[in-house]
Amino acid sequence: MKQEVEIILSEIFGNSLNTRESVQTLMRKISEETSSLCEKFVILNFEYIDFMSRSFADELHKEITDKDFDINITFHKMEGDLLSMLKMVEKTQKQRSNITKKPKFVTITDAKTLSDYAFSW
Amino acid sequence: MAVIIKLVERIGDNFGHPMKELFKLMTEIGAVGADTEINLDYSGAKFTHPFFTLPLLLLIRNKNQNEGFSIKIDNQFFNHSVASYMESISFPNMLTCDNKPLEEIESILESYSQKTYIPLINFPIGDDPHTNVVRDKFISHLNRLIRNIVEMDQINALYYMIDELISNIVHHAGRDKGYILAQNFPTKGYVDICIGDIGRTLLESYQQFENNRYGITTHSEAMHAALSGKSTKGGIDRGYGISTSTKMLCEGMNGRFFMFSGNSFTYINAHERDITEIKIPKVYWEGVLICMRIPHKTGTEFNYIDYTE
C-alpha cells in the first residue's frame, strides 16, 4: 500500500513562499516526514498560498529534480499563477533569453544639468 | 561652528523631484566637507516623500559612520501633520529587526497593518540560518502589510518585485543592512517604494565575483550588467531579479524605476532606459538605492508571470 505524507505549506510558511532558504526548511520537513517510509510519496498542498517567489520556485525545482532526490512529489491545490511560475523556472534551467533593450549611456558633468534632468522624469 | 543646510520644504509629484533634491544635497554636503559640523534643517518641511526620506537618512548614516562627517538633522517640524507622519514612520531612528525575537518583529509589522505606508525599517542581510529565518518572516509579514495597504490589480506583481529587489540587496550589499520605506497614494493611483543599502556598490559586487568574471571596470558597466541580468550568484538560472522587475514595472505596468550605485544611476520608464554616469564631485552612492513607482491599475492584458522569464 502506498504511504503518502501530506504537507500543508501554509501551516509552515503562511500565505507566501518567499526565499530559497524556505525551500531548505521544506526539504528538511519532507526528510523528517518520510524517514520511516519505504516508498516515499509526498503531497505538497498549496491551499491558501497566494504567492510563490521566483527564488522559491527555482530552488524547489532544483531540489526535486536532483538526481539523488528519491521522493515522489505531487502538487495539490496549486493555483494558476503558482503553476505558471514553476513552469517558468523549469525553462530557465536550460536557456536564457535576451530580454533587455539597449540603454542609452549619458555622462553629466554639471549640477544644473543633473538637476534639470532628474526633475524632468 | 556648524553649517546649516536647509532641506527642501515640499516635494512635488513628479518622480524625479526627490532625486533632484538628493543630488543637490550631496553636492552641498560635499562642498562643506567632513571638517565642519553640518546641521540639516528639515523643520520647514510641508510635504515629504519616501524617495527623499530614506536616502536622506542613509546618506547621513554613511557620511557619519564611514566618511568622518558630523551631520545632524533638525526634525522639529513646524507643520503638525508632517511631524505626526514622520513620527509614525519612525523618522529619524528607524525600526530594526536586529536582535529581536521573531514574535516581536511580527508584532511590529502587524501594528502597521491598517496604515497606508511601510515605515522606515531595516532588515538583515547575513546568510546564517537564524538570519535567513528572520528575513523570511520579515518578507512574509511585509507581503501581508502590502496586501493591506495597497489595492491594486496585480498585487502579486508587487510581491514579486519587492521580493526580487530585497533578494538583490541581500546579495549585493555585503555589509550593514537593507532598508525599506513605502507609501501608498490611493488618490494618485500608485505606490512608491524605496529600498536601499549603504554596503557594496554594484561595481564592487561584480569585481569581487570570481575575480571579476565579467571584466567590469566602471559603475555604468556594473549598472548595465545588473539590468541585463548578469548574475554574481553563479548558474544560468540566476540573475533575473533586477532585469525582470524593471521590465515588468516599466513596460508591463507603465511604472518608473530609478537605481543609483556608485557614480551611476539609471532611470527607466516605458520608453526610456538611460544609464547616466555622474562626473560631479561627491555625488555618489555607497551601496545601491532603488526607487519604484508602481501604478495600481494595469492594462487588462498584463500578467506578471509573462515577465518572470
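Guide: Happy to. Let me begin with a definition: a residue is buried if 20 or more other C-beta atoms lie within 10 Å of its own, exposed if 12 or fewer, and partly exposed in between. Please keep in mind that this is a predicted model.

Chain A has five helices and six strands, arranged along the sequence as β-α-β-α-β-β-α-β-α-β-α. Of its 121 residues, 26% count as buried.

Now to the meeting place. On the chain A side 38 residues are in contact with 44 residues of chain B. Several elements of chain B give two or more residues to that side, among them helix 1 (17-32), helix 5 (129-149), strand 8 (264-268) and strand 9 (273-278). By class, the chain B side has 14 nonpolar, 16 polar and 14 charged residues. Strand 9 of chain B also pairs with strand 6 (residues 104-108) of chain A, in the parallel sense and over five bridges. Within strand 9 of chain B, B:E277 stands opposite A:T107.

B:H296 is partly exposed because 19 other C-beta atoms lie within 10 Å. Setting aside neighbours within four places in sequence, B:H296 is in contact with B:E151, B:M152, B:D153, B:G189 and B:Y190. From B:F265, B:H296 is 31 residues away in sequence and 25 Å away in space, C-alpha to C-alpha.

Technical notes. Residues are numbered from 1 along each chain as its sequence is written. Chains are lettered from A and ligands numbered from 1 in the order in which they are written. This is a predicted model: local features need pLDDT of at least 70, side-chain atom pairs count only at pLDDT 80 or more; totals for chains, interfaces and linings use all residues. Helices (H or I, at least four residues) and strands (E, at least two) are DSSP runs, numbered from the N terminus. Two residues are in contact if their C-beta atoms, placed from the backbone, lie within 7 Å. Ala, Val, Leu, Ile, Met, Phe, Trp, Tyr, Cys and Pro count as nonpolar, Asp, Glu, Lys and Arg as charged, and the others, Gly among them, as polar. Two strands pair if DSSP finds at least two bridges between them.
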